[in-house]
Amino acid sequence: MQLQYHNFLVKNFADTVDYTLEKKIEYKIAVGSIACSLLLHLLCVVIAIIIFKLTDKDLVQSGYVVVNTLKGTYLKQQNNKEVVRVDHATDDNLKSGEKTESQENNSPTSYFSNIESAGLDSTNLEQVYKEHTLNVRLKYPVGWIYIDQQRKSKLDGITFWSTDNSFDPPPYIHIEVVDKYMFNPTRYKFTHKFKTFEGFYNEPEEMETQITQQIYIKTNDEKDFIIKLIMNGRENFKKFQPIFFAMVDSFQFGNSFLF
């Protein structure tokens, strides 16, 4: 009887030990899983903080804070609080060909004049260039000569230049025939209604002493045109601008006139 009771106690003690060991193992596994999860989350937070710090540092070093709005992007300079606005043209405006705000404002912002402020000086435009493949006609100054080029039996370009000693080096004007798909009104700041067409242009571009200005002529014919003036010296260029604008104003093409 005592032997049976002793065996019962031994078996009960063994079962208790096994149960305790099993619970300890389960507890350790649970604790390990929780610790791994916490470490993983902590690692993600650390990585996010590092990325944020690097991005924030780049913006601060650049001196600008970028603020996106519905109408455009503002760049605010932290040092002197200068704000620059960059307007974004909408897809609807691009498709409909509407003018941007900068095109509607034809006020010059540089040393040079625009067409309205410079005016047109046709006093010395006594020679006339005529061409029949595209029916091009243009008045140009006395003392100037030209050379024209054809491509596939049609006018491709004309170059005019001065032969007198009024300017050194002499200015020259180039007319280029272009395909209509090249026209993009958003590239141009100013517009002007000439006699038979609408012109699109920007302020002159300076490259060392050489200054260039071009006017895009949008037509209702199969081709468009670009008329470009290239000249040395700011004073000479500004002085010649009214003559250049008068030459562009005399430009005719296609059915806009009859020879």
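How many residues does the hairpin that joins β9 to β10 pass through? The answer is 4 residues. The model is a predicted one, where local features need pLDDT of at least 70, side-chain atom pairs count only at pLDDT 80 or more, and totals for chains, interfaces and linings use all residues. Residues are numbered from 1 along each chain as its sequence is written, and side-chain values use heavy atoms, with hydrogens and water left out.

Strand β9 (residues 190-193) pairs with strand β10 (residues 198-201) in the antiparallel sense, over 4 bridges; two strands pair if DSSP finds at least two bridges between them. Opposite Phe 190 stands Tyr 201 in β10.

As for the chain in general, it has 5 helices and 13 strands. These are DSSP runs (H or I of at least four residues for helices, E of at least two for strands), numbered from the N terminus. Of the 259 residues, 28% are buried, where buried means under 20% relative accessible area, exposed over 50%, and partly exposed in between, with a 1.4 Å probe and protein chains only.

Another hairpin is made by β4 and β5, with 4 residues between the strands, and there Asn 135 takes a positive phi near 55°. Strand β4 (residues 127-131) runs antiparallel to β5, joined by 5 bridges, and Tyr 129 has Leu 138 as its bridge partner in β5. In a regular strand, side chains alternate between the two faces of the sheet. Strand β5 (residues 136-140) puts Val 136, Leu 138 and Tyr 140 on a covered face, while Arg 137 and Lys 139 sit on the uncovered one.

Val 136 turns up again in the largest nonpolar core, which has 36 residues; it is listed with Phe 160, Ile 173, Phe 225, Phe 244 and Phe 251 as having the most contacts inside that core. A nonpolar core is a set of buried Ala, Val, Leu, Ile, Met, Phe, Trp, Tyr and Cys residues joined through side-chain atoms within 4.5 Å. Two or more residues each come from β5, β7, β8, β12 (210-218), β13 (223-232) and α5 (234-249), and α5 gives the largest share, 7 residues. A second, separate core of 6 residues includes Val 178, Phe 183, Tyr 188 and Ile 226.

Gln 213, in strand β12, counts as buried because its relative accessibility is 2%. A polar atom of the Gln 213 side chain lies 3.1 Å from the backbone oxygen of Asn 202. Leaving aside residues up to four places away in sequence, Gln 213 touches several others, among them Tyr 201, Phe 237 and Phe 244; a contact here means heavy atoms within 4.5 Å.

Then there are the rings: the structure holds 19 aromatic pairs. Rings of Phe, Tyr and Trp (its six-membered ring) pair if their centres lie within 6.5 Å, with planes under 30 degrees apart counted as stacked, over 60 as edge-to-face and the rest as tilted. Trp 144 and Phe 240 are stacked, at 5.6 Å centre to centre and 15° between the planes. Trp 144 lies in strand β6 (residues 144-151) and Phe 240 in helix α5, so this pair ties together parts 96 residues apart in sequence. Trp 144 counts as buried at 5% relative accessibility, and Phe 240 counts as buried at 2%. Phe 183 and Tyr 216 form a tilted pair, 5.0 Å centre to centre with 35° between the planes.

Methods:
A polar contact is a pair of N or O atoms within 3.5 Å; within protein, one must be able to donate a hydrogen and the other to accept it, and residues adjacent in sequence count only if both atoms are side-chain atoms.
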